[in-house]
Amino acid sequence: MSWSFVLQLLVTVLVIVLGANWLLSSFLLDFKRDLTAVALAQQSSIASVRNEHETAYYRSILVPTGFPLTTGLGLSLKYKIRNGNFGDVWNAIMEVSKGKNTIKLIRDEKSTSLGELNGMGKRIFQKLSTENYKNIGISNSVATKEGFTLTLASMMASIKTGSVPHFLPAVPRQQVKGLDVLVIDSWRSFKLLNGSEDWYKLIIVCDDPKRAPLFDSKDYRVVTWLELIDGYVNDSEFQYTPPDDNSDDKKLFAHVTSPWNGTNSFNQICLVSNIAEFIKGFPLGNELNSSERITISTKLASSSASLQIWGKLFAVLLHGGSASFINHTNLDCKSLQKTTLLFIETEELRKLMYSISKHNWLHKLYLSWATNLLSEGIFTKIAQIEPKSLEKLRCVYSADTVKDAEIISEFPEKIPQLKKTNQRTTPSTEDLNKIRAQLGSRVVLELYCPYAIMGAVAHTNFYDYRVFEKSVDDNVVCYGPLTTTLEGKMVETETNPLLNIETRQGMLCIRGFTIGKPVESDRLEKAMSLAEKFGGGEGWMPLIGVFGLWGQDGCLYTYNQ
Amino acid sequence: MSFIKNLLFGGVKTSDDPTGLTGSGTSNANGSNKPSEPVVAGNFFPRTLSKFNGHDDEKIFIAIRGKVYDCTRGRQFYGPSGPYTNFAGHDASRGLALNSFEMDVIKDWDQPIDPLKDLTTEQVDALDEWQEHFENKYPCIGTLIPEPGVNV
């Protein structure tokens, strides 16, 4: 073999490799990408003008400036447009499913049909509406049959009698204004009420009536959940006659109390906008359909945290899908066999991935190819772990929460200082692609502000698989554009002069249709004063302590703190 | 080479840094994909207003009786080759009052701001209606003031 032949061979191989790379990069990969680089680089619509000391207004590209933010279901009634409410939603769900679709609740071995749950809910509502009760305090997990049906009944009441569910983090230690009914999980909790039972007109205990202790009832009534549902029938109908106008918008949907005792109220418009936003977030060709099954972690269904699940749950049910709740201790690939959409906390997702990851060399090779393809924008399932179990899974919603929800809820006058760290609790963009590759599913990273905002504040695009350099990931987390129900801006703060508004850095302020309103007058006053300070009273809510920046791609990036 | 190299030896493609924090990527580049920076609302001189005509800058600002409106959304009317393109980047008060779209009713940026004192009652009424229309349709983003040494 002569040197010239070797040289020729090398040159030929090099030309072929270079040519193949050029052909792949310039043409073939472009055809296979889920979303073009141009679309990924323009995910928000940005106002052309900004005020001093703040950035321009940013909103999702799906709701360009000049168009209204997503609000309500846009139901057409006669010649008027209504936004809809829980009554419309539940009525539509029962019509679509004919009561046959199911929800698998925890502690139940079998799924329960919507007809049965509706029947129970209606029976409870019927019994509760005979008395003139105001709000119904629920401290149970809504992932249980008792919690779910009682919540359903109180949501029915929210549009018919004006009584609303009040989601509580625990049994109240102080009297809560307007709370006539308290739901508790057991007789043990009942014994611990320690005199506070006198604050309520009715106490509902979700325990066996036979195990009831002896007590001396004076001003309050005690009833068990089983007694309340006694006589229910499987009922696949829910009739609701809407008013001729949009008066439902302002009707209360729920009260939510945070663990630090701040209560926010949410209107029906928050619920329907949240549902509509979730439906709108699916790209063409991947819309919600009747074969959907959403699995929700019980961590997200604990009473006062459950605010975030209703939008997704009702949206899936509205399309004729089913739902299930899963305890994080039972979460593995096999438990997701029927799941198409998974909604869990980011920390749980990390643990799941840790427990199911494989270490053999063949899988590592597939994983390497898959992450390479994903970083190019091409979705692949070649590295999927347990394809039989995860065959149906198509999207995982990974719920992240703001660093300090308590301070947001307090509306303090003094803005804290940003303390950057290089340690992130959220998986890096490369790790997110590894999760996508191993689950064979899209992963949408969502940012939540618990107890204050219904649904996500921002979420990444269904098709966004970009990988950023480590130096970027070490500094910030990309949460994609704001949801379509909200618009936002960054504002300058005196305590953080290094955040340069010219480069779109600052503290996040939002406004829109899914934000709760403080119930306590002092908190409301503080909120209004802050809104005035940071937005001239135009309805802006500063998310105190949420520091970040808008990327050139229109996405929200928050600093690792 | 990156795709084949990553495929053979492992690795992933990293996207440009959209945040500008690392000093690389699109944020500091002057590429054609870079969106134009938002204008700070506030005071405008006829000179600074004139560039927002939809041509020199894609934004379209129009002044009416001292108030500046962002009419970028109305590009089909006020943008290049639109029927009212002469108003873009100018004080359109007199043109709207007289219902005229000709250039002679529009002052250049180096002339004094039109005091509109000679308008008849009907013309003032017409201008009021137009201003109400703009108020309802477009955001007011600032005030038009004379530039010392140029317009006064």
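Strand E14 of chain A, residues 263-267, is mostly covered, with 4 of its 5 residues buried; a residue counts as buried if 20 or more other C-beta atoms, placed from the backbone, lie within 10 Å of its own, as exposed if 12 or fewer do, and as partly exposed in between. Strands here (E, at least two residues) and helices (H or I, at least four residues) are DSSP runs numbered from the N terminus. The model is a predicted one, in which local features require pLDDT of at least 70 and side-chain atom pairs pLDDT 80 or more, whereas totals for chains, interfaces and linings use all residues. Residues are numbered from 1 along each chain as its sequence is written, and chains are lettered from A and ligands numbered from 1 in the order in which they are written.

E14(A) pairs in the antiparallel sense with strand E13 of chain A (residues 252-257) over 5 bridges, where pairing requires that DSSP find at least two bridges between two strands. Within this pair, A:Asn264 is the bridge partner of A:Val256. The hairpin formed by E13(A) and E14(A) has 5 residues between the strands, and A:Asn261 in this hairpin adopts a positive phi near 70°. E14(A) is also joined by 2 bridges to strand E24 of chain A (residues 517-518), in an antiparallel arrangement. There, A:Asn264 stands opposite A:Pro518 of E24(A).

Chain A as a whole contains 16 helices and 26 strands. Along the principal axes, the C-alpha atoms of chain A fill a box of roughly 105 × 55 × 50 Å. Of the 561 residues in chain A, 51% are buried. Among contacts in chain A between residues at least 6 apart in sequence, 73% join residues at least 24 apart, a contact being defined by C-beta atoms, placed from the backbone, that lie within 7 Å.

An open sheet of chain A consists of 7 strands in the order E1-E3-E22-E23-E25-E26-E21, with antiparallel pairing. Its edge strands, E1 (44-46) and E21 (476-478) of chain A, each pair on one side only. Neighbouring strands of this sheet are turned by 40° against each other on average, direction ignored. Strands E22 (residues 486-491) and E23 (residues 505-512) of chain A pair in the antiparallel sense over 6 bridges, and A:Val491 is located opposite A:Met507 in E23(A). Helix H16 of chain A (residues 521-535) lies across E22, E23 and E25 (541-550) of chain A and runs at about 35° to E25(A). Axes are lines fitted to C-alpha atoms, for helices over the stretch in contact, and angles run from 0 to 180 degrees between N-to-C directions.

A further open sheet of chain A is made of 8 strands in the order E7-E6-E16-E15-E17-E18-E19-E20, and its pairing is mixed. Strands E7 (112-113) and E20 (458-459) of chain A form the edges, each pairing on one side only. Strands E18 (residues 395-401) and E19 (residues 442-448) of chain A pair in the parallel sense over 7 bridges, with A:Arg442 in E19(A) as the bridge partner of A:Cys395. H14(A) lies across E18 and E19 of chain A, at about 135° to E19(A).

Helices H3 (residues 86-97) and H9 (residues 310-318) of chain A pack at an angle of about 40°, with their axes 8 Å apart. H3(A) and H9(A) are therefore oblique to each other, given that angles under 35 degrees count as roughly parallel, over 145 as roughly antiparallel, 65 to 115 as roughly perpendicular and the rest as oblique. In this packing, A:Val89, A:Ala92, A:Ile93, A:Val96 and A:Ser97 of H3(A) meet A:Phe314, A:Leu317 and A:Leu318 of H9(A).

The contact between the chains takes 39 residues from chain A and 32 residues from chain B. H1(A) provides the largest share of the chain A side that touches chain B, 6 residues. E2(A) pairs in the parallel sense with strand E1 of chain B (residues 39-40) over 2 bridges, and B:Val39 in E1(B) is the bridge partner of A:Val49. B:Ala41 lies in the loop between E1 and E2 (42-44) of chain B and is buried, with 20 other C-beta atoms within 10 Å. Residues touched by B:Ala41 include A:Val49, A:Arg50 and A:Asn51.

Definitions and conventions
Two residues are in contact if their C-beta atoms, placed from the backbone, lie within 7 Å. Lists of a residue's contacts leave out its neighbours within four places in sequence.
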